Each structure stands twice: as structure tokens, then as C-alpha cells.
Amino acid sequence: MDLSNTQNNITILCVLGMILGVFGIVIPMVPGLLLCWVAAAAWAVFAADGWVRWAVLLGATAVAVVGAAIKYLWPGRTLKRSGVPNGSLLLGGLLGIVGFFVIPVIGLIIGFVLGVFLGERIRLGDSRLAWPSTKNALRAAGLAMMVELAAALGVAFVFVLGLTFE
């Protein structure tokens with residue numbers, strides 16, 4: 001591989017960005033779907049030639065936009081149906097952020113669970129009633145993560161197709 005070729009170097013960086021983006025969804029440290037889209041867009045704009053570049057950019061954008069919309073709409077609707085209020089989710093988010101810095105990576109999950117549980121415990125007044133709401137919030141968060149992962153893999157698939165046909 002010729003490392004003096006700028007297009008090859010950009011392609012390598014975009015592949016690494018794509019990999020980091022996919023792993024960033026599972027290990028919440030970077031905005032995964034956004035990073036995958038940026039990698040595909042950067043490759044299309046700076047490294048690719050011909051019509052393939054625009055097809056990759058269009059396909060990656062469509063997959064990312066649809067995935068992001070579903071990521072926020074579907075789990076949110078699930079939470080509304082289960083009755084988990086925004087206040088408990090906000091407390092979960094705040095404690096998740098604190099937990100991320102106290103216990104790197106897994107602290108985000110621990111803090112989120114603890115925050116939602118505490119919010120529901122305060123609201124409902126009973127630990128036995130708070131736990132089902134906490135589980136519903138966890139299911140919704142897991143659903144959001146799976147939708148984002150599917151969208152990021154879809155962007156990666158479009159990117160790989162572009163690499164193949166370029």
C-alpha cells in the first residue's frame with residue numbers, strides 16, 4: 001500500500017473512523033452514528049471519484065437520518081406508554097454523566113440506572129414499584145442503542161459498497 005497517496009490515507013482514516021464509530025455506540029464514549037456518517041462523508045468528498053461518491057454520501061445520509069429519527073422516536077414512545085416520567089429520566093441522565101467520570105465507561109450505565117431508580121423511588125414512594133419503571137427505562141435505552149448500532153452498521157455497509165465499486 002502506498003502511504004504517499006493522499007486518497008489512500010484518507011480512506012484509511014475513514015475506515016478507522018467508521019470502526020471507532022461502531023464501537024463508540026456499544027462503549028458510550030463517542031457519538032457513534034455521527035462519527036460513522038462523518039467518515040463516510042469525508043471519504044465521499046475527499047477520497048472518492050465519480051458517481052459512487054455521491055451515491056455513498058446520499059445512502060449514508062439517508063440511513064443515518066432515518067436511524068437517528070427512529071432512535072429518538074421509538075424508545076421515547078415506549079417510555080411514554082410505560083409511564084416513566086421525564087424527571088426520572090433527567091435524574092438518570094445526570095447521574096449517568098456523573099457516573100461516567102467517577103467510574104469510566106460503565107459508570108454511565110450504573111449512574112443512569114441509579115438515577116432512574118431514585119427518581120421513581122421518590123415519585124412512587126416504594127422500591128418495589130420503582131424497579132419495574134427502571135427496567136422499562138433500561139429497555140428503552142437498550143432499544144435506542146440497538147437502533148443506533150443498526151443504523152451505524154447500515155452506514156458502514158453503504159461505505160463498504162462504495163469502496164467496492166470505486
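1. A term to begin with: a crossing is left-handed if the near helix is turned anticlockwise from the far one by less than a right angle, and right-handed if clockwise. In that sense, α2 passes α3 in a left-handed crossing. Helices here are DSSP runs (H or I, at least four residues), numbered from the N terminus.

2. Please keep in mind that this is a predicted model, in which local features need pLDDT of at least 70 and side-chain atom pairs count only at pLDDT 80 or more, while totals for chains, interfaces and linings use all residues. Residues are numbered from 1 along each chain as its sequence is written, and side-chain values use heavy atoms, leaving out hydrogens and water.

3. Back to α2 and α3: their axes (lines fitted to C-alpha atoms over the stretch in contact, with angles from 0 to 180 degrees between N-to-C directions) come within 8 Å and cross at roughly 165°. That makes α2 roughly antiparallel to α3 (an angle over 145 degrees). Contact (heavy atoms within 4.5 Å) involves residues including W37, A41 and A44 of α2 and R53, L57 and A64 of α3. The residues of this contact divide into 13 nonpolar, two polar and one charged. Here Ala, Val, Leu, Ile, Met, Phe, Trp, Tyr, Cys and Pro count as nonpolar, Asp, Glu, Lys and Arg as charged, and the others, Gly among them, as polar.

4. The axes of α1 and α2 (residues 32–46) come within 7 Å and cross at roughly 165°, which makes α1 roughly antiparallel to α2. This crossing, too, is left-handed. Among the contact residues are C14, G17 and G21 of α1 and C36, A39 and W43 of α2. The contact of α1 with α2 divides into 14 nonpolar residues, five polar and no charged.

5. α3 and α6 pack with their axes 9 Å apart, at an angle of about 170°, so α3 is roughly antiparallel to α6. Their contact has 19 nonpolar residues, seven polar and two charged.

6. Which residues are closest to the centre of the largest pocket? A pocket is an open set of points on a 1 Å grid over the protein atoms alone, where a 1.4 Å probe fits, with protein on both sides within 12 Å along at least five of seven lines; lining residues have an atom within 4 Å of a point. The volume (space filled by probe spheres set on the points, which are joined across faces, edges and corners) is about 840 Å³. Of the 28 lining residues, K71, L108, A141, A144 and M145 are the closest to the centre. The largest share of the lining, eight residues, comes from α6.

Methods. Helix = DSSP H or I, 4+ residues; strand = E, 2+ residues; numbered from the N terminus. Parallel < 35°, antiparallel > 145°, perpendicular 65-115°, else oblique.
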